[in-house]
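Hi,

Here is the structure I promised to pass on. Have a look at it first, and then read my notes on its pockets and its ligand below.

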Amino acid sequence: MRQAGRYLPAYRETRAGVSFLEACRDVDRAVEISLQPLRLVGTEAVILFSDIFIPLVGMGLPIEFAPGPTLAEPLRGTDAIRSIPAPDPEAQVPYVYEILARLREALDPEGVPLLGFAGAPWTLAAYLVEGGGSKEFGAIKRMAYREPALLRDLLDRLTDMTVRYLRSQLEAGADAVQLFDTWAGLLGPEEYRRWVLPTHCEIVQELGGSDSPFILYVKDSAHVVPELFEVGADVVSLDWRVDLAAAAETFGARASLQGNLDPSALAAPASSIADAVARIARDAAPARGHILNLGHGCLPETPVEGVRAFTEAARAL
Ligand code: 1CP
């Protein structure tokens, strides 16, 4: 999950006077930001500080951050999609691999795991076709109904990029990788099976043979829980709308679980956060493994004490 970010005063200081993109490209700064949650709130793993759009920026797509990703021109039409440059992440975003190597060095003596990540094809495509963030992402859904072959082409290109990007992060020293499909839950089950599930399956198959855990996260996924477990991910990361106990009972033999506290619950008093952590651990117990986490990233308004109460309660279990 997004664990660095604006809720942390140290992050705001490190970012002062520097654009988000510059912070992602500046190896020293990105290493420092990546380590902040470990040092300041006591997480047990570190996620690379970057963004799901960085490999696409590297490919030359005109993406800016304000603070979310935006494109001056949404990516629509056959010509625009056919002219997306070929992905070659190691050449296009070399700083990502330098950051991973530096984090590896910093974390090895402490035995702290390092996570890489990528955005999933549907979510990346949703922003590209919309031109930025949205509540409904209507443009990509219209494309699905009006120009299905074109959308398929776009998703295929993004799937290819994602496989290369994740594979190279594992080669550069990530212990595990997480795929974020934040907006796939906007689709009903039938459309999800058509547009999203095959991309997840292809990515897992292509990465097959790697011993490193693959974590799959889909936000708003309560209506597609069986589909999440169909992919063959080592870990399925659930948001807070999913009944964790039921998922652990039904599918827990097939995958470990991650999640699923509502990030807003970190506004509660420490004792309530501890109760919620204990309940989540109990609910997930039937599964073959469980990574205690939020059901989505920390919100900018999150009190730092709430995040600390969460990690302390988790360690005290
Ligand atoms: O701990 C970390 O910060 C890890 C690095 C990380 C990750 C894993 C960032 C830094 N972003 C992400 C993933 C990401 N980015 C996702 C998938 C997971 C999720 O849903 O949170 C998505 C959808 C994005 C897109 C994005 N980038 C948004 C959301 C826009 C929207 O539509 O709501 C935003 C605000 C960004 C910029 C960004 N990325 C990361 C940070 C810390 C920020 C905020 C920049 C800032 O203001 O400082």
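Let's start at the ligand: one of its oxygen atoms lies 2.6 Å from a polar side-chain atom of Tyr127. I call that a polar contact, meaning a pair of N or O atoms within 3.5 Å (within protein, one must be able to donate a hydrogen and the other to accept it, and residues adjacent in sequence count only if both atoms are side-chain atoms). Thr182 has a side-chain N or O atom 2.7 Å from a ligand oxygen, and for Arg6 the distance from a polar side-chain atom to an oxygen of the ligand is 3.3 Å.

Before you go further: this is a predicted model, where local features need pLDDT of at least 70 and side-chain atom pairs count only at pLDDT 80 or more, while totals for chains, interfaces and linings use all residues. Residues are numbered from 1 along each chain as its sequence is written, and side-chain values use heavy atoms, with hydrogens and water left out.

How many residues surround the ligand? There are 25, and the closest are Gln3, Tyr11, Arg15, Tyr127 and His296; to count, a residue needs a heavy atom within 4 Å of the ligand. By class, this shell has 14 nonpolar, seven polar and four charged residues. (Ala, Val, Leu, Ile, Met, Phe, Trp, Tyr, Cys and Pro are nonpolar, Asp, Glu, Lys and Arg are charged, and the others, Gly among them, are polar.)

And where does the ligand sit? In the largest pocket, in the sense that more than half of its atoms lie within 2 Å of the pocket's grid points. A pocket here is an open set of points on a 1 Å grid over the protein atoms alone, where a 1.4 Å probe fits, with protein on both sides within 12 Å along at least five of seven lines; lining residues have an atom within 4 Å of a point.

The lining of the largest pocket has 39 residues, with Arg2, Arg6, Phe20, Asp51 and Pro69 nearest its centre. α1 (9–15), α3 (27–40), β3 (69–71) and α8 (121–130) each give two or more residues to it. The largest share, three residues, comes from α3. (Helices are DSSP runs of H or I, at least four residues, and strands are runs of E, at least two, numbered from the N terminus.) Sorted by class, the lining has 22 nonpolar, 12 polar and five charged residues.
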